[in-house]
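Please keep the structure open beside you as you read.

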Amino acid sequence: MQVYKAPLRDMRFVLHELNDSAGLAALDGMQDVTPELIDSVLEEAAKIAEEVLLPLNASGDEEGCHLDNGVVRTPKGFREAYRTFREGGWTGIGCAPEYGGQGLPHSVSMMVSEMLCATNMAFSMYPGLSHGAYEALSQHGSDAQKALYLPKLTDGTWTGTMCLTEPHCGTDLGLLRTRAVPADDGSYRISGTKIFISAGEHDLSENIVHLVLARIAGAPAGVRGISLFVVPKFIPTEDGRPGPRNGVVCASLEHKMGIKANATAQLVFEDAQGWIVGEPGRGLNAMFTMMNAARLGVGIQGLGMGEIAYQSAVAYARDRIQGRSLAGAKAADRAADPIIVHPDVRRMLLTIRAYNEGCRALGGWVSRRLDEAHHANDPAEREAAEGFAALMTPIVKALFTDLGLESANTAMQVYGGHGYIRDHGMEQLVRDARIALIYEGTNGIQALDLVGRKLPAHMGRNLRTFFHPVAAFIEANEKHPMLSKMVTGLGRAFGALQLATAHIASKGMGDPEEAGAAATEYLRLFGLVALGYMWARTAKLSLEKMMSAGADAAFYQTKLQTARFYFERILPQAGGLLFQIKAGKEAMMSFPEAAF
Amino acid sequence: MKILVPVKRVVDYNVKVRVKSDGTGVETAGVKMSMNPFDEIAVEEAVRLKEKGVATEIIAVSMGVAQCGETIRTALAMGADRGILVETDADLQPLAVAKMLKVLVDREQPTLVVMGKQAIDDDMNATGQMLAALLGWAQGTFASKVAIEGDKATVTREIDGGLETVALKLPAVVTTDLRLNEPRYASLPNIMKARKKPIETIKPADLGVDPAPRLTVIKVAEPPKRQAGKKVGSVAELVAKLKTEAKVI
Ligand SMILES: Cc1cc2nc3c(=O)[nH]c(=O)nc-3n(C[C@H](O)[C@H](O)[C@H](O)COP(=O)(O)OP(=O)(O)OC[C@H]3O[C@@H](n4cnc5c(N)ncnc54)[C@H](O)[C@@H]3O)c2cc1C
């Protein structure tokens, strides 16, 4: 059974203790954000996730979305749940107060997103995509566009989509063909076919705001000819209500592996009226400026999946009795011991746990820096924070979704055959978690972004925003009487990362294929070191707090033990990754294509 | 008309309570605490009366440690207007709470006190009745329906064997049962606004009440563990076991 209680204690640890949430109030426009406010927000969000969304997770998966005569019906209960969610003001959590939003920091809304993704990833994507559209319009839209669309996207009465993908073009957007023809009134007529559009058509909102990439007639080929358009399903009237139907229809819904309760639509645009967002030819740039937040958001989907997988697996491992402990019976009054006594089951559970808590800490750090990038008073601080967030974005996206899938898979293993059977809900987690490695830029593309763009950016300045604090931490703590073993482990892995970075810098310069061949392992190595740094900081803080923590001492004690597992059983993979990276491209690239 | 709603901070209903190893009570340290579910129903009822235009102001009162302020915030986020926290580390029992509430009622002059019929920590089911007695007010306990008209409240009560409807002359004390309503989720904007609503903090001494406990807890213990069931092979065996082992027939 899918089991989930929002991990509020750990979220508070990440927000308040690791990242000093009290300091958020010093940021521009955040003066009301206090730790107490954050706690009440998280507690109420937890109720919605546990009581409203989780009960619809398995049923939504079973029923899926249905297309009937161009009209899409979401699964039973989704409309009511969306209304509860919207009326509660949750669609506007990160939106600006001037459009009716709550303007809460990213570091807080990230935790709320995690709960939504864990309990119902398919549902979470409806408001998720809307927020993507909100971001794109708020950064690039005209004043009139903002005034028209942003209040509706904020209060959730209208939802949004991002229409990039076409049948012949996914990763390589330079190939896209959807055309935009200028009309006399300053708008455009958009024609073309978009596929795989999440939340592309549904019955949750009174209007859908499509953000569409298209090529203006006569524009150059390639990415420089691409512009961004806003194409509403119903053309708004003067007073901002949904008016006449626009020329966009849902031709079909994809039959897919997971997130079945989220409608993945094929949309056909036929002379649909659209309005350009930003400058002609700058469409891809407009998309990219909002991509940091969107990619972090997808990373958080992976984390949410990992969390519900963990809790479900622990519940089962305590309950299921099978075999006897290798150290002698533990539950002598029963026919067998619960499987949680077995070393291999513990290995699985602790692996998921160490990933989850490490990722939550890392996600908390990156989103906190993103808050500083947007709201710090000092421009230099904003720039440094921006550089850090840009560097870490592909890591959060790819690492978290990789680990989320691994965790869902591992949790299924804990269930044995019962995990493979539908009733327990574990196979749904595996199916749902799978997509996050693919969309919003495949994980392979994230790795290329890291080595190709983020490492060399500003002569390595972004890289130093991560390397410096890690190096300083290691230096300050390597002689720590209680932590030196962990810090030594971190130092070794960090050394491997430095060597790998140097390898890519020297080899990749002359031969980009070398960089491409190393990218995926390099991203994993970087990610493991980043999690290691989070675990080392966590361990240090836990040691300090444990002495005076009273009943909470158990929380810190558990942190220390999980940290130990991470350093002993996971981080050593860094050494192997360095070997793989240094082996270079030859084994792959000299392989004759015909021999595949 | 003003409504006063007392709210208690208790161990969250999802938490599996554990008895302290020394048998003096249940473990509350490091345990998730929330508003007593019956009190949530009371707040919800008050807010609905305000939305209907019957009530004009809702005052949420909590008594106990400083963190009870967070329980008041929850009530404020649901729609209460202001809060009063009577802060004390004393072990509060129904009589002391009722006495302190009486002083607050005298001061605030509400027309209605709506409160939970019991708190899920000690299940006392006493404070509302005691308060009504101390005030000399009418009481409608275990309410599953409340209607206010003029200076009269009609309260449907859940009693053994069915429902009873009573008419109360206001002012009155109403205690809530589970079926009265389904509490709302606090909306995000209201959670944010609740931070700005006032909470007055006072001490029991300010109310002239000595909150010292009158009841002494001798021992708290776990209920005996349930034995595993047994499968019987025949009716005869069942009857025999019911006679000799269970000793029920
Ligand atoms: C359920 C679902 C929801 C989606 N939602 C949306 C949506 O809302 N909006 C939207 O626009 N799109 C959406 N997509 C599309 C998604 O973003 C694309 O599928 C994705 O970008 C990959 O594109 P593709 O499928 O064409 O794969 P391809 O681009 O054909 O890639 C195939 C493989 O080749 C690799 N590859 C491609 N190019 C390179 C390269 N240069 N170097 C190295 N490797 C490379 C990829 O990593 C991948 O492994 C969705 C897809 C799905 C399945």
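Which helices and strands of chain A each supply at least two residues of the shell around the ligand?

1. β3 (158-163), β5 (188-198) and α12 (443-454) of chain A each supply at least two of its residues; helices (H or I, at least four residues) and strands (E, at least two) are DSSP runs, numbered from the N terminus. Before going further, please note that this is a predicted model, in which local features need pLDDT of at least 70 and side-chain atom pairs count only at pLDDT 80 or more, while totals for chains, interfaces and linings use all residues. Residues are numbered from 1 along each chain as its sequence is written, and chains are lettered from A and ligands numbered from 1 in the order in which they are written.

2. How many residues surround the ligand? There are 18, and the closest are A:Leu164, A:Gly170, A:Thr171, A:Ser198 and A:Thr442; a residue is near a molecule if its C-beta atom, placed from the backbone, lies within 6 Å of it. By class, the shell holds 10 nonpolar, 7 polar and 1 charged. Here Ala, Val, Leu, Ile, Met, Phe, Trp, Tyr, Cys and Pro count as nonpolar, Asp, Glu, Lys and Arg as charged, and the others, Gly among them, as polar.

3. Now the domains of chain A. The assignment gives domain 1 (8-64 + 74-139), domain 2 (156-284) and domain 3 (287-582), with bounds from an automatic or database domain assignment. Domains 2 and 3 of chain A each provide at least three residues of the ligand shell. Their centres, taken over C-alpha atoms, are separated by 35 Å. In the contact between these domains, 8 residues of domain 2 of chain A meet 8 residues of domain 3 of chain A, where contact means C-beta atoms, placed from the backbone, within 7 Å. On the domain 2 side, 5 are nonpolar, 3 polar and none charged.

4. After α1(A) comes A:Asp20, whose phi is positive, near 45°.

5. Turning to the contact between the chains, 12 residues come from chain B and 18 residues from chain A. On the chain B side, α2 (68-78) and α5 (188-194) each supply at least two residues. The most come from α5(B), with 4 residues. This side of chain B divides into 8 nonpolar, 2 polar and 2 charged.

6. Why is strand β10 (residues 172-176) of chain B largely enclosed by the rest of the structure? It is so because 5 of its 5 residues are buried. B:Ala172, B:Val174 and B:Thr176 point one way from β10(B), while B:Val173 and B:Thr175 point the other way.

7. The neighbours of β10(B) complete the picture. Strand β6 (residues 112-116) of chain B runs parallel to β10(B) and is joined to it by 5 bridges; DSSP must find at least two bridges for two strands to pair. Strand β7 (residues 138-149) of chain B is also parallel to β10(B), with 4 bridges. B:Thr176 is the bridge partner of B:Gly116, and B:Ala143 stands opposite B:Thr176 too.

Definitions and conventions:
Two residues are in contact if their C-beta atoms, placed from the backbone, lie within 7 Å. A residue is buried if 20 or more other C-beta atoms lie within 10 Å of its own, exposed if 12 or fewer, and partly exposed in between; C-beta atoms are placed from the backbone.
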